[in-house]
Amino acid sequence: MRISVIGCGYLGAVHAACMAQLGHEVIGVDVDAAKVELLADGRAPFYEPGLPELLDEAMATGRLRFTTDIAEVAGARVHFVCVGTPQKRGENAADLRYVDASVTALLPHLAAGDVVVGKSTVPVGTAERLAERVVAAQPEATVLWNPEFLREGFAVQDTLHPDRIVYGVAPGPAGARATQVLDEVYAGPLSDGTPQVVTDYATAQLVKVAANSFLATKISFINAMAELCEATGADVTQLADAIGHDVRIGRRFLNAGLGFGGGCLPKDIRAFMARAGELGADQALSFLREVDAINMRRRVRVVDLVREVCDGSIVGRRVAVLGASFKPDSDDVRDSPALSVAAQMGLQGARVVVTDPQALANAERAWPSLTFAATAQEAAAGADVVVLATEWAEYRALDPVAFGEIVAGRRIVDGRNVLDPVAWRAAGWHYRALGRP
Ligand code: UGA
């Protein structure tokens with residue numbers, strides 16, 4: 001199948017490479033010439049485990065190309081829209097300008113029988129609106145909504161072996177034809193038995209934001225329990241283990257700590273609330289306001305803990321922050337809790353040095369006022385307190401004895417509840433964490 005992928009960011013670049021891997025002939029399009037140049041050279045423009053190898057393989061087959069010229073999509077039968085939908089400046093709603101611009105650019109190149117497949121996370125109602133525009137430009141083209149559930153850090157695996165495939169289709173024969181075409185694209189994963197849900201546009205769009213809202217709620221739930229644990233001397237990690245044994249609850253996504261960040265969960269729950277308001281259903285989602293508030297409180301709480309271990313003041317204190325990305329195995333710093341904490345402490349007078357195995361370049365671009373170091377050891381040299389903010393494997397594996405030799409004061413705030421308090425305390429550290437005694 002000839003396929004175009006419009007937007008080659010965290011979602012599109014991986015999708016393009018995976019579609020080529022599945023045997024399709026793929027053209028990836030992006031307006032960012034530097035990104036296209038890297039991709040055309042077989043290099044990943046961001047850190048994603050497995051992507052460089054996949055790009056190498058796919059480029060070698062000759063089935064994968066990248067361009068800035070949208071006209072090159074002509075001849076492709078399926079066009080995946082994979083552009084970003086960030087939060088609008090100063091508002092909760094999603095900014096759809098990139099989705100609208102990419103569809104506008106695509107319209108003149110559409111042929112009869114083409115399927116435009118939306119993968120971007122959009123407010124419910126967007127697919128219907130775009131479908132009208134597509135059909136007005138090319139009456140025999142169709143829109144199909146196919147939300148994406150990949151996680152950064154596992155993007156290749158999640159794309160090649162998704163846990164479900166959801167289609168939102170137009171009513172009638174047009175929807176049935178589009179379903180057939182996309183089934184051909186996903187023939188590999190479908191033949192592996194991947195569950196498939198074929199539904200209407202509205203449901204498909206809601207599935208995506210409902211899933212992310214549920215995940216965000218699960219994290220904020222356990223973080224609310226962490227607040228209770230702090231008030232009572234209980235241990236939220238043991239509490240999560242214990243309730244997680246109930247299969248109806250499950251242990252995954254019950255890790256209390258600094259909370260969720262990134263380019264998806266925070267902006268998706270806000271955009272969902274904004275859309276519910278427009279639809280007159282804001283009451284249904286008012287709990288998400290609390291989910292958001294609990295999450296943001298975690299960042300303030302970590303700064304407070306640092307202040308507590310520094311005997312009441314962080315002014316002039318040297319703080320090492322381990323981690324800048326919003327989660328491990330990613331270089332994405334969008335709404336990163338780690339950088340939010342680092343910046344707050346900097347503004348409150350601490351001398352903060354941030355390190356990260358992969359995200360330093362992005363972090364420096366986003367927060368030029370912060371100081372950065374290449375390694376945990378460099379960041380911690382002479383530090384009064386260390387904050388573990390992103391649970392990269394190399395930080396989890398730090399030896400408290402050896403690390404204790406580097407710092408000026410053995411104080412650590414474990415923002416992700418991943419270190420062994422017994423081992424760190426035995427090595428002479430003042431260990432504090434969220435929701436643990
Ligand atoms: C999230 C969803 O998990 C994906 O299914 C979805 O496709 C994606 O958003 C998207 O909408 O594109 P992602 O943003 O890559 O994926 O990251 P997650 O693994 O969901 O983690 C989000 C945040 O929650 C991170 O900051 C992580 O540290 C935090 N988190 C996660 C916790 O604080 N506790 C947990 O138990 C789990």
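This is a predicted model: local features need pLDDT of at least 70, side-chain atom pairs count only at pLDDT 80 or more; totals for chains, interfaces and linings use all residues.
Figure 1. Residues are numbered from 1 along each chain as its sequence is written, and side-chain values use heavy atoms, with hydrogens and water left out. Around the ligand stand 21 residues (one heavy atom within 4 Å). Of these, F149, L150, E152, K208 and N212 come nearest.

**Figure 2. The six-stranded open sheet.** The strand order is β11-β10-β9-β12-β13-β14, with parallel pairing. Strands (E, at least two residues) and helices (H or I, at least four) are DSSP runs, numbered from the N terminus. Two strands pair if DSSP finds at least two bridges between them. β11 (371-373) and β14 (430-433) are the edge strands, each pairing on one side only. Neighbouring strands are turned by 25° against each other on average, direction ignored. Axes are lines fitted to C-alpha atoms, for helices over the stretch in contact; angles run from 0 to 180 degrees between N-to-C directions. Strand β9 (residues 318-322) runs parallel to β12 (residues 385-388), joined by four bridges. L322 has L388 of β12 as its bridge partner. Helix α12 (residues 286-309) packs on this sheet and touches β9, β12, β13 (411-414) and β14. Contact means heavy atoms within 4.5 Å. The direction of α12 makes about 160° with that of β14.

**Figure 3. The eight-stranded open sheet.** Here the order is β3-β2-β1-β4-β5-β6-β7-β8, and the pairing is mixed. β3 (64-67) and β8 (196-200) each have a single partner strand, so one side of each is left without a neighbour in the sheet. Strand β2 (residues 25-29) pairs with β3 in the parallel sense over four bridges. V26 stands opposite L64 in β3. Helix α5 (residues 126-137) packs on the sheet, touching β5 and β6, and its direction makes about 160° with that of β6.

**Figure 4. Strand β6 and its partner β5.** β5 (residues 115-118) runs parallel to β6, with four bridges between them. V117 stands opposite L144. Both faces of β6 (residues 142-145) are covered.

**Figure 5. The largest nonpolar core.** Such a core is a set of buried Ala, Val, Leu, Ile, Met, Phe, Trp, Tyr and Cys residues joined through side-chain atoms within 4.5 Å. Of its 40 residues, L64, F80 and L182 touch the most other members. Helix α1 (residues 12-21) gives the most to this core, with seven residues. Beyond its neighbours within four places in sequence, L182 contacts V78, F80, V117, L144, N146 and Y167. Another core, of 30 residues, lies apart and includes V341, V352, V354 and L370.

**Figure 6. V14 in helix α1.** V14 is buried, with a relative accessible area of 0%. Leaving aside neighbours within four places in sequence, V14 is in contact with G9, F46, E48, L51, A155, V156 and T159.

How values were computed:
Buried means under 20% relative accessible area, exposed over 50%, partly exposed in between (1.4 Å probe, protein chains only).
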